[in-house]
Amino acid sequence: MVDQWEKFERFKSLHAQSQAFVIPNPWDAGSARLLASLGFEALATTSAGFAFSKGKLDSSGCLERREILDNAAEIVAATDLPVSADLEDGFGAAPDICAETIRQACEVGLVGGSIEDATGDPLKPIYDFSHAVERVHAAAEAAAGLPFLLTARSENFLWDNPDLDDTIRRLRAFSDAGAHVLYAPGLPDIDTIRTVCTALDKPVNVVMGLRGPNYSVAELSDAGVRRVSVGGSFARAALGALMRAAEEVRNVGTFGYAADALPAKIIKNLMTWKSVTNVSE
C-alpha cells in the first residue's frame, strides 16, 4: 500500500512538469483498475460518471457528500495511483462546509479535489465573487498541512456566461486564496485556453471531451495547460457502447457488438490482481 503522502508528492510533481499530463476520470473501482493498467499516472473521479451509474443527473442537489466520498474511497482503494475528486460545490454554500468537505475527502485517502463556484441554482447559477473567494479560502485553509492539492473551478462557461475577463478575475482570486490548481471548464477554443493559462500563476486543468473542439495533449501543452481531464466523457463513451449493443440486439437481433467487447481474460487480470477487503469484517 502506497502512503498517502507519497501519493500526494507524486501528484504534486506531475503539475510541475513542462508538459501536460492526462488525468482520466473513472467512475468506479473497475474503471479505475482498467485505466491504471494502461499506464496513467493519476486518476480523478467524475461526479457525472458516478451520477449516471446511479441513474441520476450530475448535480449537487442529486448527489450527497457521503455517497460521493464513498465512491471516491472505492476508487482510491482500487489502485496505488494518486486520486483527486470532483467535489462539486463543496456540498454547501457556506465556507465552513467546503472546509469540512476537504477534510473528509482527505480522510478517505484522496490527495486532491476541486471546489467549483456554481451554485446548482438555475436562477442564480454562479456564486457572487466575494463569496466564491471566501469558499476557496476556507477550503485552502482546511487543506493546509494535509496531503491534499486543491483545485478551484470557475464555472462561467458552463452556465451560459462566457465572460472571459470575469473568469480570469475569479481564477486569479482563487489562486491568491490558496488554490493549487485552476480550472475553467468549457473554454471554447485553444486561443481562449492559451489566454487563460498566460494570465495565471498556477497550473491549469483543461477538460477534453466535454463540448466544442478537441485538441491533442501536445497542442494543449503548447498552450500552457499542465493537466488534462476528460470529465464524464469516458463514462458517456461506455454508455454509448452499451446503447449501441442493446439497440443492435433489440432492433436487429444480432450480436456483432461482442466482437468489440473486452475479452474476459483481460477483465479477469484487471479485476483480480489485488485482493478486496471484506467490508463485513
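Colleague: At what angle do helix 7 (residues 164–176) and helix 8 pack?

Modeller: The axes of the two helices are 10 Å apart. Axes here are lines fitted to C-alpha atoms, for helices over the stretch in contact, and angles run from 0 to 180 degrees between N-to-C directions. Helix 7 and helix 8 are packed at about 35°.

Colleague: Which residues of helix 8 make that contact?

Modeller: Contact means heavy atoms within 4.5 Å. Helix 7 contributes Leu164, Ile168, Leu171 and Arg172. From helix 8 come Thr192, Thr195, Val196 and Ala199.

Colleague: From which number are residues counted along each chain?

Modeller: This is a predicted model, in which local features need pLDDT of at least 70, side-chain atom pairs count only at pLDDT 80 or more, and totals for chains, interfaces and linings use all residues. Side-chain values use heavy atoms, with hydrogens and water left out, and along each chain, as its sequence is written, residues are numbered from 1.

Colleague: Is Leu200 buried or exposed?

Modeller: Leu200 lies in the loop between helix 8 (190–199) and strand 7 (204–207). Helices (H or I, at least four residues) and strands (E, at least two) are DSSP runs, numbered from the N terminus. A residue is buried under 20% relative accessible area, exposed over 50% and partly exposed in between (1.4 Å probe, protein chains only). With a relative accessible area of 11%, Leu200 is buried.

Colleague: How far apart in space are Leu200 and Ile168, C-alpha to C-alpha?

Modeller: Setting aside neighbours within four places in sequence, Leu200 is in contact with Ile168, Leu171, Arg172 and Leu182. In sequence, Leu200 and Ile168 are 32 residues apart. In space, their C-alpha atoms are separated by 7.7 Å.

Colleague: Which elements do the buried residues of helix 7 pack against?

Modeller: In helix 7 the buried residues are Asp166, Thr167, Ile168, Arg170, Leu171, Ala173, Phe174 and Ser175. They pack against helix 6, strand 5, strand 6 (181–183) and helix 8.

Colleague: How many residues of strand 4 (residues 112–116) are buried?

Modeller: On one side of strand 4, Gly112, Ser114 and Glu116 are buried, and on the other Gly113 and Ile115 are buried. Strand 4 is largely enclosed by the rest of the structure, because the buried residues number 5 of the 5.

Colleague: Which residue of strand 5 stands opposite Glu116?

Modeller: Strand 4 and strand 5 (residues 149–153) run parallel and are joined by 5 bridges. Ser114 stands opposite Thr151 in strand 5, and Ile115 stands opposite Ala152. Opposite Glu116 stands Arg153.

Colleague: Which helix does the chain pass through between strand 4 and strand 5?

Modeller: Strand 3, helix 5 and strand 4 make a right-handed β-α-β unit. A crossover is right-handed if, with the strands pointing away from the viewer, the path from the first strand over the helix to the second runs clockwise. The β-α-β crossover from strand 4 to strand 5 is right-handed, and its helix is helix 6 (residues 129–143).

Colleague: What is the relative accessible area of Asp117?

Modeller: Asp117 is in the loop between strand 4 and helix 6. Not counting residues up to four places away in sequence, Asp117 touches a set of residues including Tyr127, Arg153, Arg170 and Phe174. Asp117 is buried, with a relative accessible area of 1%.

Colleague: Which residue of strand 6 stands opposite Thr151?

Modeller: Strand 5 is mostly covered, as 5 of its 5 residues are buried. Strand 5 pairs with strand 6 in the parallel sense over 3 bridges, and strand 5, helix 7 and strand 6 make a right-handed β-α-β unit. Opposite Thr151 stands Val181.

Colleague: How far apart are the axes of helix 2 and helix 4?

Modeller: Ala29, Ala32 and Arg33 of helix 2 meet Glu74, Ile75 and Ala78 of helix 4. The two helices pack at an angle of about 35°, and the distance between their axes is 8 Å.

Conventions. Pairing = 2+ DSSP bridges.
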